[in-house]
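Let's take a walk through this protein together. Have a look at the sequence and the model first, and then we'll go from the overall picture to a few helices.

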Amino acid sequence: MLSYCHGLTNHLIYQMNVIAIISIWFTIWTGLGLLFFFKAIRANWREPVFHHPILIFESDDWGPGPTEHADALNKLSKTLSGYHDKSGQHPCFTLALQLTAPDPKQPLTTSGNQLNRIDLSHPDQAPVLSAINAGVADKTFSLHLHGLEHFRAETLLEHANQKEGIFHWLTSRAETESLPPMLQTRWNPIAHHDQTRQARVDTKSAYDEAKLFEKIFSHPAQVAVPPCFVWNPNVEQGWQKAGISVVVTPGCRFDQRRDDGTLSRVSGAIHTGDLSPTGLLYLVRDRYFEPYLGHTAEDGLHALSEKTAQGRPTLLETHRANFIRSAEHNQHALEHLKIILTEAQKKWPELRFTNTWNLAQAIRTGDPQWICFDTIRRIRIWWHRMESVPRWRKWLLVSGWWLVSRLMKEKI
Ligand SMILES: [Zn+2]
C-alpha cells in the first residue's frame, strides 16, 4: 500500500514537472515572439480589412510624347470602358505623370548648363493631353503626380557633359526608360551638396511640380508616386503644402539609387493606411503586371487572389512601356489585360473597381461600405496576413502556438 502511494506521488510529480516545463517553454517563447513580432502584429492588425476584392492598375511614366502615345492611351481607355463592376464603375488605370520632357528642338539653354523643357500643356502635346483628359472624363483614367521629370536635372546634366550617350539622349527624343537606372531617380541626393540647402531645394521643387500639375489639369494633384520609390521627408513637405495627401509606396521607403542601380532602404515596413510624419496617407503597391517583361494575366490573377485573401486591395503596378514599345507589345498587353478583367469578374463577381484616391478616402473616413469592422473576420484576416511575415511560421512551430492556432481555426 505504501509503495503504491509512493509510486502515485512520483507519477504526479513527474506530470507536474512536465506541465511546468511546457508552461515555462510556452511562456518564454510567447514573450520572445511578442518582442520580436510586436511591430508586425500591431501593423497587420491596424491595417484596414476590405470587404470586397478590389483591383486598380497603377500605370507609371506617362508624359509628353509623340502622337503614338495618344493612340496607345485612347486604345487603353476604350478597352477599359468595355468592362464595369456591379456599381457601374469601369476598371481604372491611374496614370502617374511626368509633367515635362526636354524640348526636342533645343534641349539645353544657350549656356548649356540648364534644361529647356516642354510640359504637357505645350501645343505639340495636345493629342496626348487630350487622350489623358478623355480617359479621365470616361472614368477609365485617374491622374497621379510622378514628377516634373523622371530624373534630377543637375545629375543628368553633369553626366551629359561627361558622357556622349547621355548628351545624345537629350537630343534624340528618347524615352526616360532608356536612361541608365541610377539617372532615372528624381530625388537621389546630390553628393557633396549642402544638406540643409538641398532639403530646402527638394521641398520647393516638390511644391512647384505639384503646382504645375494643378496648372495643367486645373485641379490639384492629390496622389504622388515617387519615381523609383526614392523620396524623402523634405519632398513630402513640399507635396503636402501643394495639396497632395496620398503617397503610393512599395511597402517601404528608399532614399537613393546607387550607381549600380540598387536601392537604399531607409524605413521599416509600410502598411496601407499608415500615416507619414507629415500626415500623408501611405498605400502599398507591391505586385506587378508588366507583359513586356513576361508577366501574364495569370500572374495578375494570382496577385488578386492573394491580396483578396489578405483583405487587401490589389494595386497592380504597370508601366507605359507595355503599351508604347510597338504595336505587337501593345496588342499583347491589351490581350492579357482583357483576360485579367474577364477572369477576375468570373471568379469574384463582387469585384470592385475604383481609383487610388477613392480608396485612400475610404481608408481615411473608415467607410463601412468598403472597410470591414467585424472582429471575427478581422482576426481571421490578421492571422492570414501574419503567415506571410518572415519567420512567423517557424516561431509558431517552435513556441507551440501552432497547436493553439489549429484549435483557434476550428473555433472561429
Ligand atoms: Zn516611373
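Of the 412 residues in the protein, 36% are buried; a residue counts as buried if 20 or more other C-beta atoms, placed from the backbone, lie within 10 Å of its own. Keep in mind that this is a predicted model, where local features need pLDDT of at least 70, side-chain atom pairs count only at pLDDT 80 or more, and totals for chains, interfaces and linings use all residues. Residues are numbered from 1 along each chain as its sequence is written.

Stepping back, the C-alpha atoms fill a box of roughly 110 × 55 × 35 Å along the principal axes. Inside you'll find 14 helices and 13 strands, which are DSSP runs numbered from the N terminus (helices are H or I, at least four residues; strands are E, at least two). Take the contacts with a separation of 6 or more: 76% of them join residues 24 or more positions apart. Two residues are in contact here if their C-beta atoms, placed from the backbone, lie within 7 Å.

Now for some helix pairs. The axes of α2 (residues 67-80) and α10 (residues 327-347) come within 11 Å and cross at roughly 15°, the axes being lines fitted to C-alpha atoms over the stretch in contact, with angles from 0 to 180 degrees between N-to-C directions. That makes α2 roughly parallel to α10 (the word covers angles under 35 degrees). On the α2 side, A72, K75 and T79 do the touching, and they meet N330, L334, L337 and K338 of α10. Sorted by type, that contact has three nonpolar, two polar and two charged residues; Ala, Val, Leu, Ile, Met, Phe, Trp, Tyr, Cys and Pro count as nonpolar, Asp, Glu, Lys and Arg as charged, and the others, Gly among them, as polar.

Helices α6 (residues 195-217) and α7 (residues 233-241) have axes that come within 7 Å and cross at roughly 35°. Among the residues making this contact are D202, Y207 and A210 of α6, along with V235, W239 and K241 of α7.

Finally, which residues of α11 (residues 356-365) are buried? They are T356, L359, A360 and I363. Looking down the axis of α11, you'd see these buried residues within an arc of 100°, so they line one face of the helix; the arc is that of the directions from the helix axis to the C-beta atoms. Just after α11 comes G366, with a positive phi of about 60°.

Technical notes:
Parallel < 35°, antiparallel > 145°, perpendicular 65-115°, else oblique. Buried ≥ 20, exposed ≤ 12 C-beta atoms within 10 Å, placed from the backbone.
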